[in-house]
Amino acid sequence: MLFLVPAALGGQPTLPEPTGPHRVGTTTRLLADSARRDIADTTRARELAVQLWYPTSARSGTRAPYLSHAMVAAMQGAGYLHLDSATIGAWGRVATPAWLDAPVAGGRWPLLVLSHGQGVSRSHYAALAGELASRGYLVASIDHPYGGVMQRADGHVVTLADDPASGPPDSVLAVRVAEWAQDASFVVDQLLDPATSLGRVAAAHVARDRIGMLGHSLGGAAALEACRADTRFHACADLDGMLVGRVVADGPRGATLIVRSSPVYSDADLAKRGRTRAQWEAMGREVEEHFRGVAAKGERGQVWTVVIRGTGHMSFSDAPYTFPDAITRFGGTPLGAGRTFALVGDVVRSFFDAQLKGHSGESLAALAARHGELRLEGP
């Protein structure tokens with residue numbers, strides 16, 4: 001769970017340009033899963049928002065906004081992530097490097113479902129989603145209801161604060177992870193059906209035997225659960241997410257990438273967190289042992305772990321560009337925004353290219369050998 005301090009940005013944020021060979025398009029749809037009920041109002045179907053990012057041949061049009069003005073106002077009113085109004089307001093003036101509602105480029109493309117961290121909007125993964133789309137992927141980024149910030153079809157905005165859950169935190173998180181994995185399966189259903197609003201956009205362009213999922217934080221746990229529960233997902237990546245639910249006991253299924261942050265703190269930085277160096281290192285060893293134990297339960301030769309030195313928990317979102325104090329609030333020496341974007345993008349793309357495209361490009365082992373910030377564990 002995230003607790004961020006107020007922090008105004010010094011200047012107008014700008015997202016990085018995608019580095020792949022394809023131009024990028026994006027479109028958003030509100031969906032309703034009539035087979036499931038809203039967890040706070042059982043008279044309603046479960047609603048979620050999906051932003052699809054994709055390769056396009058379009059050369060002109062309107063750049064998609066980072067956030068709508070309505071969503072900016074809703075976030076400001078809700079005190080989103082405890083950030084100040086000026087920081088949130090600046091997001092309404094940011095344009096993404098994607099053409100709004102452009103047509104999908106011809107051909108069939110691997111599909112990736114992207115799940116956000118708990119309490120975080122799916123909008124804060126625009127840089128990664130755009131980068132993957134520029135590299136030849138369809139990326140369906142979900143806003144899970146009551147998991148981040150989502151505007152329903154009636155205009156009402158629901159946030160994590162509206163989640164009616166009660167009970168032991170671990171149990172609640174396990175339930176949410178299972179729900180988010182079901183959301184991911186529902187989105188795949190919609191994308192494969194040419195009769196749905198999403199399917200009309202992309203069904204003819206999905207490579208149906210090349211589907212994967214990635215997520216950040218709790219969304220990473222949902223990605224691993226989706227791979228376990230739905231065999232259409234052939235590869236899943238967990239970006240600095242805790243291990244929650246059945247995967248802890250059963251281990252991950254299929255090709256799995258676990259990417260973990262590794263902040264660089266001085267003794268003074270650690271003191272701000274109320275820890276000594278010895279305590280911090282002991283905690284790190286305990287976390288590593290836990291992850292290794294769960295990874296060992298996975299299918300032989302199918303689990304890779306990459307640790308990126310100089311990253312914090314929010315480094316896997318747009319925070320380095322749009323609210324950098326989320327990373328530096330406890331001090332430390334983080335990687336620059338551009339370096340973080342490049343390393344995270346390369347690691348994620350190397351994994352999915354190998355698993356979903358069969359590419360023999362630069363492997364995770366080769367990346368780790370070339371970049372000193374990367375440490376690889378796995379086959």
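Reply: The largest cavity has a volume of about 110 Å³. This is a predicted model in which local features need pLDDT of at least 70 and side-chain atom pairs pLDDT 80 or more, whereas totals for chains, interfaces and linings use all residues. Numbering starts from 1 along each chain as its sequence is written, and side-chain values rest on heavy atoms, without hydrogens or water.

A cavity is a set of points on a 1 Å grid over the protein atoms alone where a 1.4 Å probe fits but cannot get out; a pocket is an open set with protein on both sides within 12 Å along at least five of seven lines, and lining residues have an atom within 4 Å of a point. Points are joined across faces, edges and corners, and volume is the space filled by probe spheres set on them.

The structure holds three cavities of 30 Å³ or more. Around the largest of them stand 13 lining residues, and those nearest its centre are Ala127, Leu128, Ser315, Ser317 and Phe341. H12 makes the largest contribution, five residues.

The largest pocket contains about 1400 Å³ of space. Its lining comprises 46 residues, with Ser261, Pro263, Arg273, Trp280 and Met283 closest to the centre. At least two lining residues come from each of helix H4 (169-192), strand E11 (255-262), helix H9 (277-296), strand E12 (303-309) and helix H11 (325-328). The largest share, 10 residues, belongs to H9. Glycine 284 also lies in helix H9. This glycine 284 is partly exposed, at 27% relative accessible area (buried is under 20%, exposed over 50%, partly exposed in between; 1.4 Å probe, protein chains only). Its C-alpha atom is 9.2 Å from that of serine 262, which is 22 residues away along the chain.

Strands E11 and E12 belong to an open, mixed sheet of 11 strands, ordered E3-E4-E1-E2-E6-E5-E9-E10-E11-E12-E13. Pairing here requires at least two DSSP bridges between two strands. Strands E3 (63-65) and E13 (374-377) each have a single partner, so one side of each lacks a neighbour in the sheet. Within the sheet, E5 (residues 109-115) runs parallel to E6 (residues 138-143) over five bridges, and serine 115 of this pair faces isoleucine 142 in E6.

Beyond its neighbours within four places in sequence, histidine 216 is in contact (heavy atoms within 4.5 Å) with Ser115, His116, Gly117, Tyr125, Leu239, Asp240, His313, Met314 and Phe316.

One further feature is a covalent link. A search of the whole structure finds one disulfide, defined as a pair of cysteine sulfur atoms within 2.5 Å. Cysteine 227 and cysteine 236 form this bond, with 2.2 Å from S to S. The torsion about their S-S bond is about 95 degrees, so the disulfide is right-handed. Cysteine 227 and cysteine 236 are both buried.

Notes:
Helix = DSSP H or I, 4+ residues; strand = E, 2+ residues; numbered from the N terminus.
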